[in-house]
Amino acid sequence: FDQLDGHIWFNGEFVPWKDAKIHVLTHGLHYASSVFEGERAYGGRIFKLTEHTERLIKSGEILGFDIPYSVAEIDDACIKLLEMQGFQDAYVRPIAWRGSEMMGVSAQANRINVAIAIWQWPSYFKPEEKLKGIRLDMAEYRRPDPRTAPSKSKAAGLYMICTLSKHAAEKKGYADALMLDWRGQVAEATGANVFFVKDGVIHTPTPDCFLDGITRRTVIDLAKRRGYEVVERAIMPEELEGFEQCFLTGTAAEVTPVSEIGPYSFTVGEIATNLVNDYAAEVQPKRLAAE
Ligand code: PMP
């Protein structure tokens, strides 16, 4: 990835992709003082850009640092960079981290750096698997108690257990893993929220110790627009057997049907399929009727 072409926005400047480097004594690398975003552009427009930028700044605040750019400045940088990269459809990755001025757990004076990279990432899961529904393993690690980790921040440190869980699942031939939370309730996948369907009703875990994803909220709105009932509640793993459909939501994953979680299987049913299509339509820039 460090050999792609184009530019990276780095602390206010557009630098050639291959030159966007940091020092090995970066605090963000040693102590995970880093927060990031994942966004997608469709048809030349970044979907819900400002919501993502606001979450980036909030994630930094939760880790105790102020990102030294405004929402408008970061939005503007993302838009300009997308234009420079010349993509219509692309993935956008803003990241902010404590720099390398001081070493040690405490690094109050370290500069907060910000960078944005944009590349083409057509599908998070293999396209042929996505249509049939992907297979999930049960993760060994659990989402931490909000008193144990700042679970509302999209902080790099929280992804350690995600990478471990996803790698373990992939080694067994699964696409991803379903994580429980510290209480043993169903939480989410390693980079996406989870939904279930039973008797025509949609059920999804209450996001009280993991990200309330922007895609999650968009899909809940789309489901309600179709007249589906959506229930946000605590879901126990024992209930998985009784659900008929399952799907994941996330910026990268979009809406991805799930066909299996461990021993349980699900059909790619009407509700999941409708939401795959509704989301695909929703993310496209709207053309005025007169155009
Ligand atoms: N949970 C985790 C752990 C994630 O990494 C993501 C992707 N950002 C999500 C949920 C979904 O969030 P969003 O819909 O805002 O992309």
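**Reading the model**

The model is predicted, and local features are described where pLDDT is at least 70, side-chain atom pairs count only at pLDDT 80 or more, and totals for chains, interfaces and linings use all residues. Residues are numbered from 1 along each chain as its sequence is written. The average pLDDT (the predictor's confidence in each residue, from 0 to 100) is 96 for the protein, and 99% of the residues score at least 70. The model has an ipTM of 0.99 and a pTM of 0.96.

**Two pairs of helices**

Two packed helices are described by the angle between their axes and the distance between the axes. Helices (H or I, at least four residues) and strands (E, at least two) are DSSP runs, numbered from the N terminus. Axes are lines fitted to C-alpha atoms, for helices over the stretch in contact, and angles run from 0 to 180 degrees between N-to-C directions.

| Pair | Angle | Axes apart |
|---|---|---|
| Helix 2 (residues 49–62) and helix 3 (residues 71–85) | about 125° | 9 Å |
| Helix 6 (residues 214–225) and helix 7 (residues 270–282) | about 110° | 10 Å |

Because of its angle, helix 6 is roughly perpendicular to helix 7, while helix 2 and helix 3 are oblique to each other. Here, angles under 35 degrees count as roughly parallel, over 145 as roughly antiparallel, 65 to 115 as roughly perpendicular and the rest as oblique.

Residues are in contact if their C-beta atoms, placed from the backbone, lie within 7 Å. On the helix 2 side, L49, T50, T53, E54, L56 and I57 meet V71, I74, D75 and C78 of helix 3. This contact has six nonpolar, two polar and two charged residues. In these classes, Ala, Val, Leu, Ile, Met, Phe, Trp, Tyr, Cys and Pro count as nonpolar, Asp, Glu, Lys and Arg as charged, and the others, Gly among them, as polar.

In the other pair, T218, V219, L222 and A223 of helix 6 meet L275, D278, Y279 and E282 of helix 7. Five nonpolar, one polar and two charged residues make up that contact.

**Around the ligand**

The ligand is surrounded by 15 residues, the closest being G213, I214, T215, G250 and T251; a residue counts as near if its C-beta atom, placed from the backbone, lies within 6 Å. Helix 6 and strand 14 (245–250) each supply at least two residues of this shell. By class, the shell has five nonpolar, eight polar and two charged residues.

Conventions:
Two residues are in contact if their C-beta atoms, placed from the backbone, lie within 7 Å.
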